[in-house]
Amino acid sequence: MIVRLWDTSTWQKIADIAGHTDRINDAHFSPVDRILATSSDDKTVKLWDYDSRRNTATIPDAFSADFSPDGRLLAVLNKEWHVVKPDFYHCRRAELSAMR
């Protein structure tokens, strides 16, 4: 399954990002960093570095995720719609490698 990125000023395709093994349910850009979070029916949330299009973290047993308005937190929900980590995930570029 892929996420297709488009430049909305020209409607030119920028890239296809592949990595999930089942239907992708949603995608959210961090409002601050160049990070994309995707969730899928494969029961994972994946974080992507927008510039390199590289998967920087995969969070298992998760069905949905969204960034806080300031982009500093990522809420990840499990199948019962509970926050997987009560302290959330801190999504700074320097910390993404620690989440792998």
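How many salt bridges does the structure hold? It holds 4, where a salt bridge means a side-chain nitrogen of Lys or Arg within 4 Å of a carboxyl oxygen of Asp or Glu.

Before I go through them, the ground rules. This is a predicted model, in which local features need pLDDT of at least 70 and side-chain atom pairs count only at pLDDT 80 or more, while totals for chains, interfaces and linings use all residues. Residues are numbered from 1 along each chain as its sequence is written, and side-chain values use heavy atoms, with hydrogens and water left out.

Start with Arg 4 and Asp 16, whose side chains meet in a salt bridge at 2.6 Å, N to O. Arg 4 sits in strand β1, residues 2–7, and Asp 16 in strand β2, residues 12–18, so the two are distant parts of the chain, 12 residues apart. Strands here are DSSP runs of E, at least two residues long, numbered from the N terminus. Asp 16 also bonds to Lys 13, with the closest N and O atoms 3.3 Å apart.

On accessibility, buried means under 20% relative accessible area, exposed over 50%, and partly exposed in between, using a 1.4 Å probe and protein chains only. Arg 4 is partly exposed at 39%, as are Asp 16 at 32% and Lys 13 at 44%.

Another salt bridge joins Arg 23 to Asp 41, closest N and O atoms 3.0 Å apart. Arg 23 lies in the loop between β2 and β3, and Asp 41 in the loop between β4 and β5, so the pair ties together parts 18 residues apart in sequence. Asp 41 is partly exposed, at 31%. As for shared partners, Arg 4, Lys 13 and Asp 16 form one network.

Now the interior. A nonpolar core is a set of buried Ala, Val, Leu, Ile, Met, Phe, Trp, Tyr and Cys residues joined through side-chain atoms within 4.5 Å. The largest one has 11 residues, including Ile 35, Val 45, Ile 59 and Phe 67. Strands β4, β5, β6, β7 and β8 each supply at least two of its residues. Apart from it lies another core, of 6 residues, among them Leu 5 and Tyr 50.

Last, β8. β8 runs antiparallel to β7, joined by 4 bridges; strands count as paired if DSSP finds at least two bridges between them. Leu 77 is the bridge partner of Ser 64. The two strands form a hairpin with 5 residues between them, and Gly 71 in the turn has a positive phi of about 75°.
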